[in-house]
Amino acid sequence: MRPDLEIIQQWIQPNSKVLDLGCGDGSLLHYLQTTKNVHGIGLEIDETNIQHCLDRGTNVIEQNLDKGLSNFQSGSFDTVLLAQTLQALSKPDHLIDEMLRIGKNGIVTFPNFGNWKSRLYLASRGRMPVSKFIPHSWYNTPNIHFCTVKDFDALCTERDIKVLARTVVDLEHQGSWYMRAWPNFLGEIAIYHISKNTD
Amino acid sequence: MPDSIPTDSVGLVTPQVYKFDEPLTLRSGKVLPKYELVVETYGKLNNEKTNALLICHALSGDHHAAGYHSKNDSKPGWWDSCIGPGKAIDTNLFYVVSLNNFGGCAGSTGPASINPETNKYYGPDFPVVTVRDWVSSQRRLMDRMEIPEWAAVVGGSLGGMQVLRWAISYPGKVRHAVCIAAAPKLSAQNIAFNEVARHSITSDPDFHEGRYLEKGTYPKQGLMLARMVGHITYLSDSAMRSKFGKSVSNFEQDTAENFGRDLRSGKLNFGLDVDFQVESYLHYQGERFSENFDANTYLLMTKALDYFDPTVDFEGDLSKAFTNSDCKFLLMSFSTDWRFPSERSREIVSDLLKAGREVSYLEIEADQGHDAFLLPIPRYIEALSGFLQRVHQENESDAP
């Protein structure tokens, strides 16, 4: 399993209901089903991934996240996941609102554009960063809404979203004390556990 | 039949007849005192009786879903592309049960059967049937066959509606529901097309108020017309263009597209007879159908479609209908199906989600319109196959 998924799964309660937005090949949902007896449904648009989900017995619905989630009832899931998909959405802020309408809590992971490597790339070359992790040029990238850890923190404050937990890791998904100390500078992948602020 | 039986065919099959003497009270309040159901099975029921799979047929379908009845058959059963050893509905894994619904005309009791009370053809006296009535009779058949539960119930179009009815009415009896190219209920446009079909039958002078069999005739023209209209709604514009757009005239060579306007004799005749291939195709389809299908059955089947609305007992809320369903669902729709478009399947998916049910849904790109559910479209077949393989694996892992 992808190490960011390893971190995510710790935040998911046994026997809970999980909606995975952009569930890929269904490996996380399948893992949660078998180890935590989670009732999961995944949304996906890639045909090959959808077939993988069916093959491993994971519920999957062919649905484009950019067309909204109005077919899901408020409060119908415990946790709504959005792993490495935020930056590819046309209205990411809207989708996060929707996640917290549908789920009691949400988990969001995204590549941190504030990472020192991106900063160095842009500063030294003056061009949009292209890396192993973000292997697209600006004109053909599916990633249209990059943000940084600081940006996401600001959005949470603005939308009155409570950050239950935040962790950043590198591309090998290893965390460290210095990443915790300077998350926006050193973290390559940001992982947030969020909920509506009910205080 | 081909010279030798293909290895992925169920081969020669013989239908069986099940007789039911216990009266069946129908949705309309009328009672069918006794009836017969003709059934085909493919594959073997396992010792634990956990691998039975029910096929529900659509409007013009019947029990003969796969294989051949005799070596002289030119074509196999109507869903042979999906049912057989190693196929999506794998008869090496499943015991497949396929029946002709009553009211039909392929062997089960229907309008062309003899009414035991009058010793004449039922004809128009055969009661109006609903999807719910069919599923009630399938439930009885299940008991008679000593099948404790279905590993899956599978159907397309009107068959998909029976699948939904199973999931709603009989929790605990269905583990997986596969509903393909269906709708939660018909739209006004759907009903309108059905009414044109019915009217063409009932206005045929040979209809004789439905008692045509007593007069030794049948409403051939009306049935033909009904089928021609129906057939148009099963195909998409793109399917017709490619089917009837093979030849390219001189001035169209640049575009190689004649919008499906292939000519029958290579030229326009400037008369009122058939000019275009699509016309002669529809005539052929209508004619062949009219020779093999009972007009009263056609009326009943289209009425069953029109009346289908599982929300009537649930304050118009389909999600409430699924409250007690405990099976896993797979729904599929086809991009060019304008009879039951993808939006209709998505309505069902939304209500299943609202009810908290486990559901998978695929929207298959296909040019063939509503007919796609009968055709071997690779992504569709692979999805159905993958889903049913999992059903089989769950069976195996649950076995004691």
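A crossing of two helices is called right-handed if the near helix is turned clockwise from the far one by less than a right angle. In this predicted model, that description applies to chain B, where H1(B) passes H2(B) in a right-handed crossing. Helix H1 covers residues 131-144 of chain B and helix H2 covers residues 158-169 of chain B, and their axes come within 9 Å and cross at roughly 65 degrees. Since angles from 65 to 115 degrees count as roughly perpendicular, H1(B) and H2(B) are therefore roughly perpendicular to each other.

The residues that make this contact are Val131(B), Arg132(B), Trp134(B) and Val135(B) on the side of H1(B), together with Met161(B), Gln162(B), Arg165(B), Trp166(B) and Ser169(B) on the side of H2(B). Sorted by class, the contact has five nonpolar, two polar and two charged residues.

Taking chain B as a whole, the chain is divided into domain 1, made of 16-185 + 311-398, and domain 2, made of 206-292. The centres of domain 1 and domain 2 of chain B, taken over C-alpha atoms, are separated by 29 Å. In chain B, 13 residues of domain 1 are in contact with 12 residues of domain 2, and those on the side of domain 1 divide into four nonpolar, five polar and four charged.

Turning to the two chains, the contact between them takes 13 residues from chain A and 16 residues from chain B. On the side of chain A that touches chain B, the elements that give two or more residues are helix H3 (47-55) and strand S3 (60-62) of chain A, and H3(A) gives the most, with five residues. The residues of this side of chain A divide into five nonpolar, five polar and three charged.

Definitions and conventions:
Residues numbered from 1 in each chain as written. Chains lettered and ligands numbered in written order. Predicted model: local features only at pLDDT ≥ 70, side-chain atom pairs only at ≥ 80, totals over all residues. Contact = placed C-beta atoms within 7 Å. Helix = DSSP H or I, 4+ residues; strand = E, 2+ residues; numbered from the N terminus. Nonpolar A, V, L, I, M, F, W, Y, C, P; charged D, E, K, R; others polar. Domains from an automatic or database assignment. Axes fitted to C-alpha atoms, helices over the stretch in contact; angles between N-to-C directions. Parallel < 35°, antiparallel > 145°, perpendicular 65-115°, else oblique.
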